[in-house]
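Thanks for joining. Let me put the model on the screen, and then I'll walk you through the parts.

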Amino acid sequence: MKKDNWISKETLCQLFEDKNPESLKQFGGKDGILTKLDTTLTDGLTLRDVEERIQFYGSNVIPEPESRSFFDFVWDALQDQTLIVLMVAAATEIAVGIYQAIRVNDKMELLDGCCIIVAILIVVTIGSTSDYQKQIQFKKLNSFGKSQKSLTVVRNGANIQIPQDRLLVGDILIIQTGLVIPADGVLLEGFQVQVDESTMTGESHMIDKDLERDFFLLSGTNIVNGVGKMIVLAVGLDSLFGKSLLSLEVPAEETPLQQKLSKLADSIANVAIYLAVSMTLLLTVVYFISNSTLPDSVTVTQDLINLVILAITIVVVAVPEGLPLAVTLSLAHATVQMLKDNNLVRNLASCETMGNATTICSDKTGTLTLNKMTVVQGIVAAEQFSQDANKTPSNLKNTVDADLLKFTCSSLNINSTAAESRTKEGEIIMEGSKTEIALLHFTESLGFKYVSDREQSTILDLFPFSSETKRMSCKIELNISESLATKLNIKLSSTSTTQVLFVKGASEVVLKDCTFGVDNEGNIIPITQALRSSYENLITKYAKDALRTIAAAYSSENSNDLVLLGIFGIQDPLRDEVPLAVANCQSAGVVVRMVTGDSAPTARAIARGC
């Protein structure tokens with residue numbers, strides 16, 4: 001299809017201004033939009049018309065704020081109230097110096113005023129140069145950061161990763177929990193999709209998205225639950241988020257130190273002027289009282305000018321010209337020291353703000369830990385495994401029924417949103433939750449790859465993981481052996497298929513809902529109070545070893561009872577530098593708090609390691 005038949009970007013943008021589901025009918029519904037944008041749900045865009053689309057619809061790039069020149073920073077620095085008082089004092093002192101130099105023929109009278117100007121120049125130069133250099137560094141860092149943001153889209157029939165700024169109108173974007181939507185679009189396919197639209201609407205409650213009533217997905221909003229696919233209809237400045245950014249102008253706020261210095265400058269100026277005026281009036285009165293016979297008018301004028309000069313000198317002396325210089329030098333030194341610790345400070349004043357921090361809240365996964373997860377311990381069908389030589393996961397092949405082991409691995413492979421994708425360099429990588437990736441690596445080590453399991457099953461419904469339920473489930477149709485179906489009390493159809501609900505989530509949550517388990521032969525066994533206590537003790541032991549625990553279970557269509565298949569302990573090692581960094585913070589009086597969704601014993605174990 002030629003671009004002459006494409007929908008204009010103005011028309012597409014209007015869809016999100018109205019947010020009326022009926023407005024799609026003018027294009028023939030969602031299928032009509034797919035056709036008019038020359039894309040499909042399964043194959044996505046073709047690579048041949050990428051450049052043409054960028055020219056027609058624009059790119060997903062929000063222009064950076066215009067870079068400020070060095071002289072802009074100089075002008076900002078000169079707006080400091082303390083410097084303004086100093087500049088007034090310098091101008092006054094130079095004027096007085098010129099008068100005195102002419103009167104007594106001594107050029108040294110200009111020295112005081114020139115020294116104040118030099119101090120002002122040093123303060124302005126250091127501050128402006130530092131902020132200007134940091135602007136350049138932040139621009140480079142921002143460009144690098146944007147290049148690292150990748151999205152998964154469907155192009156030429158394959159899931160590929162692309163940088164966020166290469167997203168195009170017509171792209172089929174894969175969405176999942178945690179994604180900040182990078183462009184405006186329409187939901188084409190999804191399971192339990194919920195969106196936090198507070199950034200756009202101010203409403204804090206979650207919005208349920210479906211394929212009939214509310215399928216508009218807005219840029220800048222956050223997917224808090226669900227998975228699916230959307231078609232991108234507006235990018236860059238044409239998106240609602242882009243338009244909102246253009247309308248925002250946030251004035252810079254003064255830091256606490258700047259506020260105190262401004263208040264000090266005002267106080268010094270007011271007190272100095274008050275004292276100067278009072279002294280001038282007092283000395284003038286004393287002058288006329290002490291001279292019963294006044295000299296000639298020239299002498300009187302000269303004496304009064306000397307009194308004014310004395311008052312001005314008091315004002316100049318009262319202004320601390322070294323204070324701004326001392327503050328600027330100390331902040332510049334702090335910036336350099338923080339840079340050595342790989343902390344890039346954009347504005348000098350930010351160092352002073354950071355110095356007031358009393359608490360640091362840190363995420364656990366990927367911040368305190370390496371985010372390289374591996375299944376290291378667990379139990380499958382009452383058979384435990386670990387890293388010990390005689391209990392490795394591979395030994396499960398010898399101790400657990402083969403069909404049951406395959407069924408358990410299938411539950412982990414199918415009930416997952418992790419999958420392979422290609423980077424722009426063509427490299428195949430695993431994408432998705434690190435926990436799910438660890439479980440897929442575990443099943444692969446046992447010889448059961450997720451691709452074949454997903455190809456041989458049909459997903460009927462999907463309930464993605466959420467922080468509220470701490471579990472995810474999927475209802476599927478798959479083939480299993482008749483002997484295993486008999487043992488697991490699963491009813492088979494005439495085609496040897498059955499519908500099963502696979503459940504996976506936080507071990508303590510899943511175990512609580514399970515009434516049965518399985519033994520290593522595949523037979524269903526009731527979870528007695530003693531057996532439940534042993535599972536709970538095992539979970540607590542894993543948590544104390546700083547392992548994240550995940551449980552897998554299933555229920556069949558002829559029974560609502562949840563049957564436990566296994567519990568898995570996943571290790572995410574601490575970063576080597578974390579203990580020292582935490583110790584340094586604590587010695588400086590800064591409290592470090594860890595934020596995590598893991599169980600309390602796991603959190604305590606990680607905290608003890610820090």
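**A covered strand and its partners**

Buried means under 20% relative accessible area, exposed means over 50%, and partly exposed is in between, with a 1.4 Å probe and protein chains only. Helices (H or I, at least four residues) and strands (E, at least two) are DSSP runs, numbered from the N terminus.

Before I go on, the ground rules. This is a predicted model, where local features need pLDDT of at least 70, side-chain atom pairs count only at pLDDT 80 or more, and totals for chains, interfaces and linings use all residues. Residues are numbered from 1 along each chain as its sequence is written, and side-chain values use heavy atoms, with hydrogens and water left out.

Back to β15. What does β15 pair with? Strand β14, residues 471–479, is joined to β15 by nine bridges, and the two run antiparallel. Two strands pair if DSSP finds at least two bridges between them. Lys475 has Leu501 in β15 as its bridge partner. Strand β18, residues 547–556, also pairs with β15, antiparallel, over seven bridges. There, Ala506 stands opposite Ile550 of β18.

**The whole chain**

Now zoom out. The protein chain has 22 helices and 20 strands. It runs to 610 residues, and 40% of them count as buried. Take contacts, meaning heavy atoms within 4.5 Å. Among those between residues at least 6 apart in sequence, 69% join residues at least 24 apart. The accessible surface comes to about 32,000 Å², and 56% of that belongs to carbon and sulfur atoms. Those areas come from the Shrake-Rupley method with a 1.4 Å probe; for residues, only the protein chains shown count as cover.

**Two cores**

Next, the inside. A nonpolar core here is a set of buried Ala, Val, Leu, Ile, Met, Phe, Trp, Tyr and Cys residues joined through side-chain atoms within 4.5 Å. The largest one has 40 residues. Leu15, Ile33, Leu173, Ile175, Ile231 and Leu233 have the most contacts inside it. Elements giving two or more residues to this core include α1 (9–18), α2 (29–36), β3 (172–176) and β7 (222–234). Apart from this core lies another, of 39 residues, with Leu396, Ala438, Leu462 and Cys474 among them.

β3 is joined to β7 by five bridges, antiparallel. Gln176 stands opposite Val227 in β7. β3 also pairs with β1, antiparallel, over two bridges. Val154 has Ile172 in β3 as its bridge partner.

What covers the buried residues of α2? The cover includes α1, β3, β4 and β7. Those buried residues are Gly29, Lys30, Gly32, Ile33 and Leu34. After α2 comes Asp38, with a positive phi, near 60°.

**Charges and a surface patch**

Now salt bridges. The cut-off is a side-chain nitrogen of Lys or Arg within 4 Å of a carboxyl oxygen of Asp or Glu. The structure holds eight.

Asp210 and Arg213 meet at 2.7 Å, N to O. Arg213 is exposed, at 63% relative accessibility.

Asp453 pairs with Lys406, with the closest N and O atoms 3.7 Å apart. This pair links distant parts of the chain: Asp453 is in helix α17 (450–455), Lys406 is in helix α15 (402–414), and they are 47 residues apart. Buried or exposed? Asp453 counts as buried, at 5%. Lys406 is partly exposed, at 33%.

Asp513 pairs with Arg471, the closest N and O atoms being 2.6 Å apart. Asp513 is partly exposed, at 36% relative accessibility.

Last, the surface. Ile84, Met87 and Val88 form a nonpolar patch with about 230 Å² of accessible area together. Patches take residues with over 30% relative accessible area and no salt bridge; like charges are joined within 9 Å, and nonpolar side chains (Val, Leu, Ile, Met, Phe, Trp, Tyr) within 5 Å. Ile84 sits in helix α5, residues 81–104. Ile84 is partly exposed, at 35%.
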